[in-house]
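I opened my notebook to look up a few things in this structure. My entries follow the order in which I checked them.

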Amino acid sequence: MVNHHVIKAYDEACALLAGDALAIYPFEVIAKNESVSAEGKVKVIADLSNAVGVDGMIGGQVIDIEHEGKAVDEELLRKLCGCKTGALIRTASRIGCICAEADEKQILLLLPMLKKLVLHFK
């Protein structure tokens, strides 16, 4: 789906490049952050990559496109929500925990609450 407001200001090629640049920028911000350890940065980058990739936003968008205008069952709807908004909410929460140097056990305690939050959000 193309943002036509960006295309009006530029052209479609520039709009796509702007989207690509915005998709890459968070990784630059993470890499330059001096308050997070190298190990923490690797975890943050891995989590963020997963959340926006085929198991996250992009995968969810593919499901959305394939089922546009069609009825979907509850299972597919939950998967769709988990891939898109859900992946970003989970990842934002995990990144905060990682930056605060929480261990994986502590982070896992958040999962039940985050699943409920995502369902209520959608």
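Entry 1: Is E101 buried or exposed? I am working with a predicted model. I looked up E101 and found that E101 is exposed, with a relative accessible area of 68%. The cut-off for exposed is over 50%. E101 is found in the loop between α6 and α7 (104-108). I then checked the backbone. E101 has a positive phi of about 65°, although E101 is not a glycine. I noted the background: most residues other than glycine have a negative phi.

**Entry 2: two helices side by side.** Next I took up a helix pair. Two packed helices are described by the angle between their axes and the distance between the axes. I looked up both values for α3 (residues 38-52) and α6 (residues 85-99). Their axes come within 9 Å and cross at roughly 180°. Angles over 145 degrees count as roughly antiparallel, so α3 is roughly antiparallel to α6.

Which residues make this contact? From α3 I listed G40, K43, V44, D47, L48, A51 and V52. From α6 I listed A87, L88, T91, R94, I95, I98 and C99. I sorted the residues of this contact by type: nine are nonpolar, two are polar and three are charged.

**Entry 3: the core.** Which residues make up the largest nonpolar core? I found seven: I30, V44, L48, I95, C97, I98 and I107. Two elements, α3 and α6, each give two or more residues to this core. The largest share, three residues, comes from α6.

Leaving out residues up to four places away in sequence, V44 touches I30, I95, I98 and C99.

**Entry 4: the buried side of α4.** I moved on to α4 (residues 57-66). Here G59, G60 and I63 are buried. Why do they sit on the same side of α4? They cover an arc of only 100° around the axis, which puts them on the same side. What do the buried residues of α4 pack against? I found that they pack against α5 (74-83).

**Entry 5: α5 itself.** Last, I checked α5. L80, C81, G82 and C83 are buried there. What covers the buried residues of α5 includes α3, α4, α6 and α8 (111-121).

Methods. Residues numbered from 1 in each chain as written. Predicted model: local features only at pLDDT ≥ 70, side-chain atom pairs only at ≥ 80, totals over all residues. Heavy atoms only, no water. Buried < 20%, exposed > 50% of the residue type's maximum accessible area, 1.4 Å probe, protein only. Helix = DSSP H or I, 4+ residues; strand = E, 2+ residues; numbered from the N terminus. Arc of directions from axis to C-beta. Contact = heavy atoms within 4.5 Å. Axes fitted to C-alpha atoms, helices over the stretch in contact; angles between N-to-C directions. Parallel < 35°, antiparallel > 145°, perpendicular 65-115°, else oblique. Nonpolar A, V, L, I, M, F, W, Y, C, P; charged D, E, K, R; others polar. Core = buried A, V, L, I, M, F, W, Y, C linked by side-chain atoms within 4.5 Å.
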